[in-house]
Amino acid sequence: MANYKNLRLKNAAFKRFLCVVLVTLLVVSLLIVSLRTNTTPGLSESVNIQSFIEKLYLPKRNEFSIRLEERNRLPPMNIDLYPKLAKDHITIVLYVHNRPQYLKVVVKSLSKVVGISETLLIVSHDGYIEEMNKIVEGIKFCQVKQIFAPYSPHVFTGSFPGVSPNDCKEKDDAGRKHCIGNPDQYGNHRSPQIVSLKHHWWWMMNTVWDRLKETRGRDGHILFIEEDHFIFPNAYRNLQLLVSLKPNKCPDCYAANLAPCDVNLRGEGWDSLIAERMGNVGYAFNRTVWRKIHMKAKEFCFFDDYNWDITMWATVYPSFGSPVYTLRGPRTSAVHFGKCGLHQGQGNSNACIDNGSVNIQVDDIDKVANIRSEWDVEVYENQQGYKAGFKGWGGWGDNRDHQLCLNFAQMYH
């Protein structure tokens, strides 16, 4: 009987030992797999994304394009000066082209923004322009990351999306001239310098939300500004207030804006918040809204208008099925300035800026947060502007541009 009990005890002990061994082996195996997966996440991820990109109908990359994509993976500058970002920071993305005079004005205004050192500034370039790059490299007031659109006409100077030798021009008859291209609704063929405006914005949005290590895991709001937006000192603090108030004050608002949708207005000066149609000066939205926009890639990519903002107003926002409102304060915190188009104003000429400078009045009230949490919301309904049914200004009729645009929406998924 004693031997039988000893045998049962030994068997039980052996089973417990066996269980411990099996569990230990399982844990060790999981750790090994995890280590193998995470040892070089950037490398493996880069390889996976690159292999997927190669399956898309993207232009064959040249050496310049490859170098720009490598630069896009570099960490932000000034981490030694600002090693930590504020926990509740709102990333700022600055969309630039080739107007160095304007960029200098914007950078100077950003340097005076209260709270700017707490956040990350991402500057998205349409290709690579040395003078623009030097201005950004001189920024020392916050963390700065530069990204460069690798499929810009500035990068592909002798082939699509730049100018191809056999491209149709202006109102050429493709059949008669045996040239390449599809005209827009007005009979005009693509202009690479013009279509790049929409391509750059769409590439930037997809890259910021779904590719960059610094932002792809963030669900909160991201602020988007451009090189001709003067930013007031209170802009960042006001934006933080708008973002915090939006869920309760305007739960149906898709975004927060620093300026009225009518760029000629400076605000009403009322003691109330304003809900109106989305503006294109200093707009901020979160990942939930981005997902809705991303799902409308087809609408965005096939609408015959080279302007990203008009495309959004006339086809993307109306497709959401309900009014798209944004929340702002009664006094502007950003101003659109300048007289030149996005691909003018290069060099030393002062023609794009009155008297070679920008004189925007900044009052004391514009230097501190001036939005109050107790304010009610005034809703503007039936505002004038581009709406569903508008056919577009054209410039975006080429099937190659449609396909490139769609590829930008797919390249990180």
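## The big picture

A residue is called buried when its relative accessible area is under 20%, exposed when it is over 50%, and partly exposed in between (1.4 Å probe, protein chains only). Going by that, 50% of the 413 residues of this protein count as buried. Keep in mind that this is a predicted model: local features need pLDDT of at least 70, side-chain atom pairs count only at pLDDT 80 or more, and totals for chains, interfaces and linings use all residues. Residues are numbered from 1 along each chain as its sequence is written, and side-chain values use heavy atoms, with hydrogens and water left out.

The protein has 12 helices and 11 strands. Both are DSSP runs numbered from the N terminus: helices are H or I with at least four residues, strands are E with at least two. Now for contacts, meaning heavy atoms within 4.5 Å. Of the contacts in the protein with a separation of 6 or more, 81% are between residues 24 or more positions apart.

## Two cores

Let's look inside. A nonpolar core is a set of buried Ala, Val, Leu, Ile, Met, Phe, Trp, Tyr and Cys residues joined through side-chain atoms within 4.5 Å. The largest one here has 53 residues, and those with the most contacts inside it are Trp201, Trp202, Met204, Met205, Phe224, Phe285 and Phe300. Which helix gives the most to this core? That would be H7 (residues 192-210), with nine residues.

There is also a second, separate core of 49 residues, which includes Ile116, Leu121, Ile135 and Phe337. Back to Met204 for a moment: leaving out residues up to four places away in sequence, Met204 touches Val93, Tyr95, Ser124 and Phe224.

Two packed helices are described by the angle between their axes and the distance between the axes. Here axes are lines fitted to C-alpha atoms, for helices over the stretch in contact, and angles run from 0 to 180 degrees between N-to-C directions. Angles under 35 degrees count as roughly parallel, over 145 as roughly antiparallel, 65 to 115 as roughly perpendicular, and the rest as oblique.

Start with H7 and H9 (residues 287-294): their axes come within 11 Å and cross at roughly 135°. That is why H7 counts as oblique to H9. On the H7 side, the contact is made by Trp202, Met205, Asn206, Trp209 and Asp210, and on the H9 side by Arg287, Trp290, Arg291, Ile293 and His294. Sorted by class, that gives five nonpolar, two polar and three charged residues. For the sorting, Ala, Val, Leu, Ile, Met, Phe, Trp, Tyr, Cys and Pro count as nonpolar, Asp, Glu, Lys and Arg as charged, and the others, Gly among them, as polar.

Next comes H12 (residues 399-410), whose axis comes within 9 Å of the H7 axis, with a crossing angle of roughly 15°. So H7 is roughly parallel to H12. Val195, His199, Trp202, Trp203 and Asn206 of H7 meet Asp401, Leu404, Cys405, Phe408 and Ala409 of H12. This contact has seven nonpolar residues, two polar and one charged.

## H4 beside H5

Another pair is H4 (residues 100-111) and H5 (residues 130-137), with axes that come within 10 Å and cross at roughly 10°. The two are therefore roughly parallel to each other. Pro100, Leu103, Lys104 and Val107 in H4 meet Glu131, Met132, Ile135 and Val136 in H5. By class, you get six nonpolar, no polar and two charged residues.

## Spots in the loops

Is Asp184 buried or exposed? Asp184 counts as buried because its relative accessibility is 9%. You'll find Asp184 in the loop between H6 (174-177) and H7. Leaving aside neighbours within four places in sequence, Asp184 is in contact with Asp304, Gly394, Gly395, Trp396 and Gly397. Asp184 and Asn399 are 215 residues apart in sequence, yet 9.8 Å apart in space, C-alpha to C-alpha.

The loop between E3 (143-148) and H6 holds Pro161, and the peptide bond from Phe160 to Pro161 is cis, with omega near 10°. Glu170 is found in the loop between E3 and H6 too. Glu170 has a positive phi of about 50° although it is not a glycine, and counts as exposed at 64% relative accessibility. Asn382, in the loop between E11 (377-379) and H12, has a positive phi near 55° and is not a glycine either. With a relative accessible area of 76%, Asn382 is exposed.
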